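Visitor: I would like to learn how to read a few features of a model, one at a time. Where do we start?

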Amino acid sequence: MVNKSKPFDRIVKDSEASLRNISLPADYKIDITGEELKRKETMSNLSFALILSVILVFMVLAAEFESIIQPL
């Protein structure tokens, strides 16, 4: 049954919380893959792009103002 009113990341968190209670044999583990793995990779890439863009904007402003303090 698909719950369309609940966000996907909340469903994954609830699933991971439910799966923590399961005891597995040695050398076994449970990994969430597929769409969730792609979502995590995308968020990581977006975070990197945001940090890089802030640094680049600061560098351009520092070059325009010819000062490191004024762009802040």
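Visitor: Which residue forms a salt bridge with Glu36, and how far apart are the closest N and O atoms?

Guide: First, keep in mind that this is a predicted model. As a general idea, side chains of opposite charge can pair when their charged atoms come close. In this case the partner of Glu36 is Arg39, and the closest N and O atoms are 2.8 Å apart.

Visitor: Where do Glu36 and Arg39 lie, and how many residues apart are they?

Guide: Both belong to helix H2, which covers residues 35–65. They are 3 residues apart, about one turn of the helix.

Visitor: Is Glu36 buried or exposed?

Guide: The cut-off for buried is under 20% relative accessible area. Glu36 has 2% relative accessibility, so it counts as buried. Arg39, at 31%, counts as partly exposed.

Visitor: How many salt bridges does the count come to?

Guide: The count is 3 salt bridges. One of them is the pair Glu36 and Arg39. Another joins the side chains of Asp14 and Lys6, with 2.6 Å from N to O. A further one links Asp31 with Lys29, where the closest N and O atoms are 3.6 Å apart.

Visitor: Which accessibility class do Asp14 and Lys6 fall into?

Guide: Asp14 is partly exposed, because its relative accessibility is 31%. Lys6 is also assigned to the partly exposed class, at 32%.

Visitor: And are Asp31 and Lys29 buried or exposed?

Guide: The cut-off for exposed is over 50%. Asp31 has 51% relative accessibility and therefore counts as exposed. Lys29 has 66% and counts as exposed as well.

Visitor: What follows H2?

Guide: Glu66 follows H2, and its phi is positive, near 55 degrees. Glu66 is not a glycine. At 72% relative accessibility, Glu66 counts as exposed.

Visitor: What is the phi of Asp27, and where is Asp27 found?

Guide: The phi of Asp27 is near 70 degrees, a positive value in a residue other than glycine. Asp27 sits in the loop between helix H1 (8–19) and H2. Its relative accessible area is 84%, so Asp27 is exposed.

Visitor: Which residues form a nonpolar patch on the surface?

Guide: A residue needs over 30% relative accessible area to be part of a patch. Here the nonpolar patch consists of Phe48, Ile51, Leu52, Ile55, Leu56 and Met59, with about 600 Å² of accessible area together.

Visitor: Where is Leu52 placed, and what is its accessibility?

Guide: Leu52 is in helix H2. At 38% relative accessibility, Leu52 counts as partly exposed.

Methods
Residues are numbered from 1 along each chain as its sequence is written. This is a predicted model: local features need pLDDT of at least 70, side-chain atom pairs count only at pLDDT 80 or more; totals for chains, interfaces and linings use all residues. Side-chain values use heavy atoms; hydrogens and water are left out. A salt bridge is a side-chain nitrogen of Lys or Arg within 4 Å of a carboxyl oxygen of Asp or Glu. Buried means under 20% relative accessible area, exposed over 50%, partly exposed in between (1.4 Å probe, protein chains only). Helices (H or I, at least four residues) and strands (E, at least two) are DSSP runs, numbered from the N terminus. Patches are made of residues with over 30% relative accessible area and no salt bridge: like charges are joined within 9 Å, nonpolar side chains (Val, Leu, Ile, Met, Phe, Trp, Tyr) within 5 Å. Accessible areas come from the Shrake-Rupley method with a 1.4 Å probe; for residues, only the protein chains shown count as cover.
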